[in-house]
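Please look over the structure below. A short report on selected features follows.

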Amino acid sequence: MAKTIGSYQSAAIADVLPKWPYPIELVNSAYWHTTLEKKHILEQNLGLTHLSFQQTLVKNPLYTNETVEEPLTGFEKGGYVAIIAEKPRS
C-alpha cells in the first residue's frame, strides 16, 4: 500500500507499519517478482528441478521485529521466500 500512496505518511497504514520499513525509494522503484514467476524461470529457463520453498515474515509487519520466526514450508503467506532447487547432473 505504501507504493500506491508513494509514502509511509498515511493513517491507512500507520497501524501495520514496521519499525524499519524498506526505504520508500526502493519500494517505488522495485519490481517485485512473484514466487511463481521465479519458479517458472528456474524450471523453464535454467532447467532446475525438485524445487521446494520456505517462507517467513508471515506475521503482521508491525510485529516482525519482536521475535524470530521459524520458516514454514510453502510460499503462500510469507513476505520472504527462499527457493531451494537442484541442478540436474549432466
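Which side chains meet in a salt bridge? Those of Glu 43 and Lys 39 do, at 3.0 Å from N to O. Note that this is a predicted model.

## The salt bridge

A search of the whole structure finds one salt bridge.

How accessible is Glu 43? Its relative accessibility is 29%, so Glu 43 counts as partly exposed. Lys 39 is also given as partly exposed, because its relative accessible area is 25%. Partly exposed is the class between under 20% (buried) and over 50% (exposed).

## Thr 35 and Val 81

Helix H3 also holds Thr 35. Thr 35 has a relative accessibility of 15%, so it counts as buried. Setting aside neighbours within four places in sequence, Thr 35 is in contact with Phe 53, Phe 75, Val 81 and Ile 83.

Val 81 belongs to strand E3, residues 80–86. Which residues does Val 81 touch, not counting those up to four places away in sequence? They are Thr 35, Phe 53, Gln 54, Gln 55, Gly 74 and Phe 75. Leu 46 is 35 residues from Val 81 along the chain, and the C-alpha atoms of the two are separated by 19 Å.

## The largest nonpolar core

Five residues make up the largest nonpolar core: Ala 2, Tyr 8, Ile 13, Ile 24 and Val 27. Tyr 8 has a list of contacts beyond its neighbours within four places in sequence. Among them are Ala 2, Ile 13, Ile 24 and Val 27. Tyr 8 is also in contact with Leu 17, Pro 21, Tyr 22 and Pro 23.

## The loop between H1 and H2

Ser 10 lies in the loop between H1 and H2. Is Ser 10 buried or exposed? Ser 10 counts as buried, because its relative accessibility is 19%. The cut-off for buried is under 20%. A polar atom of the Ser 10 side chain lies 3.1 Å from the backbone nitrogen of Ala 12.

Tyr 22 is found in the loop between helix H1 (2–5) and helix H2 (24–29). Tyr 22 is partly exposed, because its relative accessibility is 49%. With Leu 26 and Trp 32, Tyr 22 makes a nonpolar surface patch of about 340 Å². Residues in such patches have over 30% relative accessible area.

## Positive phi angles

Most residues other than glycine have a negative phi. His 50 is found in strand E1, residues 49–56. His 50 is exposed, because its relative accessible area is 60%.

Leu 57 is not a glycine, yet its phi is positive, at about 60°. Leu 57 is placed in the loop between E1 and strand E2 (72–73). Its relative accessibility is 35%, so Leu 57 counts as partly exposed.

Terms used:
Residues are numbered from 1 along each chain as its sequence is written. This is a predicted model: local features need pLDDT of at least 70, side-chain atom pairs count only at pLDDT 80 or more; totals for chains, interfaces and linings use all residues. Side-chain values use heavy atoms; hydrogens and water are left out. Patches are made of residues with over 30% relative accessible area and no salt bridge: like charges are joined within 9 Å, nonpolar side chains (Val, Leu, Ile, Met, Phe, Trp, Tyr) within 5 Å. Accessible areas come from the Shrake-Rupley method with a 1.4 Å probe; for residues, only the protein chains shown count as cover. A salt bridge is a side-chain nitrogen of Lys or Arg within 4 Å of a carboxyl oxygen of Asp or Glu. Helices (H or I, at least four residues) and strands (E, at least two) are DSSP runs, numbered from the N terminus. Buried means under 20% relative accessible area, exposed over 50%, partly exposed in between (1.4 Å probe, protein chains only). A nonpolar core is a set of buried Ala, Val, Leu, Ile, Met, Phe, Trp, Tyr and Cys residues joined through side-chain atoms within 4.5 Å. Contact means heavy atoms within 4.5 Å. A polar contact is a pair of N or O atoms within 3.5 Å; within protein, one must be able to donate a hydrogen and the other to accept it, and residues adjacent in sequence count only if both atoms are side-chain atoms.
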